[in-house]
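I opened this notebook to keep track of what I look up.

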Amino acid sequence: MTSEFYRNIVIATDGSENTQRAISYGIEIAKLSGAIVHALYVVDTSSFSSIPMSSDGGWEAMFEILRKEGERAVSAVKYQGEAAGVEVREVVWEGNPSNVIIEFSENNNIDLVVMGTLGKTGLDRFLLGSVAEKVVRSSTVPVMVVRSGETS
């Protein structure tokens, strides 16, 4: 069964276990509708703005670690999608996560954004704000937020 309703779905991941349920939901929706999945990881460069730049390459090394983490995260989504017979495109961008998810979705004919709570709970969520909440409030593309299943 294919659907014209969902042709392109973004699954936003941060590589944490908390996003696994959202990945499963997104892949299942893509499988049922015949959609292409865009597995999106955002290297959060907004957190680097408070770190002083140094000449010893520390910032670059940290960025590279985060980029490789992102590549592993989207590769895991691709593996899971292909096992379900779903085409998955891997996307690693950098910037503020909520802004990038919105920008990517609005500029790439995305029909649905699927995301978990992206691992932030409790004090972290209070201090940093929720990426999912910011996306839900600002996106012109429909957003499905899937709870991780764990209670905090």
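What joins the side chains of Asn-8 and His-38? I found a polar contact of 3.0 Å between the two side chains. By polar contact I mean a pair of N or O atoms within 3.5 Å; within protein, one must be able to donate a hydrogen and the other to accept it, and residues adjacent in sequence count only if both atoms are side-chain atoms.

A note on the source: this is a predicted model, where local features need pLDDT of at least 70, side-chain atom pairs count only at pLDDT 80 or more, and totals for chains, interfaces and linings use all residues. Residues are numbered from 1 along each chain as its sequence is written, and side-chain values use heavy atoms, with hydrogens and water left out.

**Entry: Asn-8 and His-38**

I placed Asn-8 in strand β1 and His-38 in strand β2, residues 36-44. Helices (H or I, at least four residues) and strands (E, at least two) are DSSP runs, numbered from the N terminus. Next I checked burial. Asn-8 is buried, at 14% relative accessible area. His-38 is buried too, at 7%. Buried means under 20% relative accessible area, exposed over 50%, and partly exposed in between, with a 1.4 Å probe and protein chains only.

Then I listed neighbours, leaving out those within four places in sequence. His-38 is in contact with Asn-8, Ile-9, Val-10, Ile-11, Arg-89, Phe-104 and Ile-110. Contact means heavy atoms within 4.5 Å. Asn-8 touches Ala-35, Ile-36, His-38, Asn-109, Ile-110, Asp-111 and Leu-112.

**Entry: Asn-109**

Asn-109 turned up in that list, and I followed it. I found Asn-109 in the loop between α3 and β4. Its phi is positive, about 55°, although Asn-109 is not a glycine. Most residues other than glycine have a negative phi. Is Asn-109 buried or exposed? Asn-109 counts as exposed, at 61% relative accessibility.

**Entry: helix α3**

I moved on to α3. Its buried residues are Pro-97, Ser-98, Val-100, Ile-101, Ile-102, Phe-104 and Ser-105. Their cover includes β1 (8-12), β2, β3 (88-95), β4 (112-115) and α5.

I looked at α5 next. Helix α3 (residues 97-107) and helix α5 (residues 131-138) pack at about 40°, with their axes 8 Å apart. Axes are lines fitted to C-alpha atoms, for helices over the stretch in contact, and angles run from 0 to 180 degrees between N-to-C directions. That angle makes α3 oblique to α5. Pro-97, Ser-98, Ile-101, Ile-102 and Glu-106 in α3 meet Val-131, Lys-134, Val-135 and Ser-138 in α5. I sorted the residues of this contact into 5 nonpolar, 2 polar and 2 charged. Ala, Val, Leu, Ile, Met, Phe, Trp, Tyr, Cys and Pro count as nonpolar, Asp, Glu, Lys and Arg as charged, and the others, Gly among them, as polar.

**Entry: α1 and α2**

I checked another helix pair. The axes of α1 (residues 20-33) and α2 (residues 58-83) come within 10 Å and cross at roughly 40°. These helices are therefore oblique to each other; angles under 35 degrees count as roughly parallel, over 145 as roughly antiparallel, 65 to 115 as roughly perpendicular and the rest as oblique. Gln-20, Ile-23, Ser-24 and Ile-27 in α1 meet Val-77, Gln-80 and Gly-81 in α2.

**Entry: Arg-147**

My last stop was Arg-147, in the segment after β5 (143-145). Arg-147 counts as exposed, at 66% relative accessibility. Arg-147 and Thr-19 are 128 residues apart in sequence and 8.2 Å apart in space, C-alpha to C-alpha.
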